Amino acid sequence: MSVTEMFSYIQGFLSADQDIREDIRKVVQVLEQTAREILTVLQSVHQPSGFTDIPSKCLKARELFCTVRNHTGELKTKFPVEQYYRYHEHWRFVLQRLAFLAAFVVYLESESLVTREEVAKILAIEVDREKGFHLDVEDYLAGVLIMASELSRLAVNSVTAGDYGRPLRISNFINELDSGFRLLNLKNDPLRKRYDGLKYDVKKIEEVVYDLSIRGLAKELEAGGDK
Amino acid sequence: MSKREDDGCARKRKTEAGYKPEDCVNPDSSVIAAFKVFQQELDTKHDKHERLVKISRDVTIESKRTIFLLHRVTSVPDVEEILSEADVKLDGVRQKIGQIAEELRGEDLHQFHRAFTPGIQEYVEAVSFHHFIRHRTLISLEEINARLVFMRENKKAVGEGEVAWTGPSVLTFQITPIDYLLGVADLTGELMRMCISSVGNGDIDTPFQLSGFLRQIHDGFSYIGNTGPYEVSKKLHTLRQSLGKVEDACYTLRVRGSEIPKHMLADVFSSRAATHVDPDEPMV
């Protein structure tokens with residue numbers, strides 16, 4: 001094989017690679033659009049009026065997740081499935097956002113932590129790498145961390161809206177999450193950086209709980225160990 | 001205001017102390033159980049990554065040594081001896097790459113690609129340098145990949161010390177075109193050094209062969225241009241410099257060659273190379 005032949009072979013490989021990336025980018029753009037729409041729907045829970053009809057907002061978000069499922073289905077067809085990590089960077093961000101949104105919806109509905117399996121089901125993707133397009137564990141954890149900072153905001157706003165019970169429940173939940181994350185041995189990577197922000201969310205929520213308890217606003221609501 | 005904040009901090013410490021026992025009391029909540037699974041998964045992944053980095057480092061070191069060895073061909077009468085010695089070394093490197101392939105069995109190659117790409121590039125550089133010295137051509141990606149096929153005996157313990165042979169399995173390692181490309185770009189630097197040192201030894205054919213070959217590679221890289229990844233365009237700059245040096249050397253050879261009788265040329269050039277060419281060539 002001559003030098004020229006070798007280089008034109010590689011050139012062919014590179015342009016095929018670029019075509020795939022182009023296709024992926026297009027689908028990811030649509031996914032990002034839908035993710036923003038879901039976020040807009042869910043953001044209204046921070047409004048004082050929003051607290052009254054959380055279930056209807058969750059329902060609306062769930063409907064939008066149907067569109068997401070179509071797009072993830074489309075994304076899967078754009079590249080060979082065993083090369084997931086070759087193109088991972090393209091959808092990593094949006095997948096983390098979607099994991100966050102799914103986790104947030106599930107929290108608002110049932111006040112529990114969404115499992116990785118549930119997120120995968122909501123997005124119509126797999127959990128195991130072997131089975132196809134999957135949710136990487138680090139992306140799931142990143143999504144959960146984004147939710148934590150969203151919940152610290154929600155705690156503040158729920159006090160403004162006069163819901164004094166919610167911050168205490170959020171506090172318990174976040175504390176459980178924090179001790180969960182403390183089990184992990186994180187390397188010096190983006191996930192670790194994001195985890196470092198969790199303590200500020202914990203602190204913020206604890207301050208809200210403190211403010212409520214010294215004013216006796218949480219008295220009738222059984223503050224855990226705060227007497 | 002500051003007083004309030006102090007209170008907040010003091011209380012925070014208290015709560016943390018207060019929450020600790022709760023963590024211990026409730027270690028089997030669903031959240032904690034889930035995170036224990038994640039912990040295991042992440043640790044497994046990080047361990048594998050570390051192991052791959054370590055193998056990659058060994059591959060880099062051994063490949064570098066092979067390249068140093070190969071640079072001696074310009075000053076030694078028996079080229080074949082060095083080439084076969086390098087072959088042995090490269091076999092050792094291939095064994096290490098076999099370990100990488102073993103680690104990657106059933107994994108996505110690209111997930112851990114960052115861990116071993118430096119080693120692989122260095123290997124491409126060494127193996128293509130070796131190939132060039134022997135055949136004066138560019139080794140192709142298929143030829144490299146063809147030598148990265150490993151047979152592994154699958155041992156499986158069955159009952160009391162009994163070993164069942166499930167037959168040898170074939171394990172392959174595929175070098176990605178991009179790693180190949182970057183390795184070849186590094187190769188040009190080695191070729192430039194080889195050219196200068198062969199000039200120093202009075203060999204006047206090798207520089208011309210090398211400049212022709214380097215020009216072909218340079219043309220190839222220009223053809224790819226900026227469609228490749230970012231690193232490729234960075235290496236293209238260094239490649240131009242190497243090519244310039246080789247072309248200058250050939251130019252000098254030609255000009256001096258027409259003035260001086262051939263049998264004296266070697267002496268003239270080697271003294272010139274020693275005083276002029278060496279200083280701007282950094283020793284690696």
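**Helix packing and chain contacts in a predicted model**

In this predicted model, helix 2 of chain A and helix 3 of chain A cross in a left-handed manner. Two packed helices are described by the angle between their axes and the distance between the axes. For helix 2 (residues 54-76) of chain A and helix 3 (residues 88-110) of chain A, the angle is about 150 degrees and the axes are 10 Å apart. Helix 2 of chain A is therefore roughly antiparallel to helix 3 of chain A, since angles over 145 degrees count as such. On the side of helix 2 of chain A, the contact involves I54(A), C58(A), A61(A), R62(A), F65(A), V68(A) and L75(A). Their counterparts in helix 3 of chain A include W91(A), L98(A), L101(A), V105(A) and E109(A). By class, the residues of this contact between helix 2 of chain A and helix 3 of chain A comprise 13 nonpolar, no polar and 2 charged.

Side chains of opposite charge can pair when their charged atoms come close. A salt bridge joins R62(A) and E109(A), with 2.7 Å between the closest N and O atoms. Because R62(A) belongs to helix 2 of chain A and E109(A) to helix 3 of chain A, this pair ties together parts that are 47 residues apart in sequence.

Helix 3 of chain A also packs against helix 5 (residues 137-160) of chain A, where the axes come within 7 Å and cross at roughly 50 degrees. The two helices, helix 3 of chain A and helix 5 of chain A, are therefore oblique to each other. Their crossing is right-handed. Among the residues in this contact are L95(A), F100(A), F104(A) and Y107(A) of helix 3 of chain A, together with Y140(A), I146(A), M147(A) and L151(A) of helix 5 of chain A. The contact of helix 3 of chain A with helix 5 of chain A contains 13 nonpolar, 3 polar and 4 charged residues.

Chain A as a whole has 8 helices and 0 strands. Its C-alpha atoms fill a box of roughly 85 × 35 × 25 Å along the principal axes.

The size of an interface is often given as the accessible area lost when the parts come together. Between chain A and chain B, about 4300 Å² is buried, and carbon and sulfur atoms give 63% of this area. There are 3 salt bridges between chain A and chain B. A salt bridge also links the side chains of K187(A) and E50(B), at 3.7 Å from N to O. Over all chains, the whole structure holds 29 salt bridges.

Notes
Residues are numbered from 1 along each chain as its sequence is written. Chains are lettered from A and ligands numbered from 1 in the order in which they are written. This is a predicted model: local features need pLDDT of at least 70, side-chain atom pairs count only at pLDDT 80 or more; totals for chains, interfaces and linings use all residues. Side-chain values use heavy atoms; hydrogens and water are left out. Axes are lines fitted to C-alpha atoms, for helices over the stretch in contact, and angles run from 0 to 180 degrees between N-to-C directions. Helices (H or I, at least four residues) and strands (E, at least two) are DSSP runs, numbered from the N terminus. Angles under 35 degrees count as roughly parallel, over 145 as roughly antiparallel, 65 to 115 as roughly perpendicular and the rest as oblique. A crossing is left-handed if the near helix is turned anticlockwise from the far one by less than a right angle, and right-handed if clockwise. Contact means heavy atoms within 4.5 Å. Ala, Val, Leu, Ile, Met, Phe, Trp, Tyr, Cys and Pro count as nonpolar, Asp, Glu, Lys and Arg as charged, and the others, Gly among them, as polar. Buried area is the accessible area (1.4 Å probe) that two parts lose on being put together, summed over both. A salt bridge is a side-chain nitrogen of Lys or Arg within 4 Å of a carboxyl oxygen of Asp or Glu.
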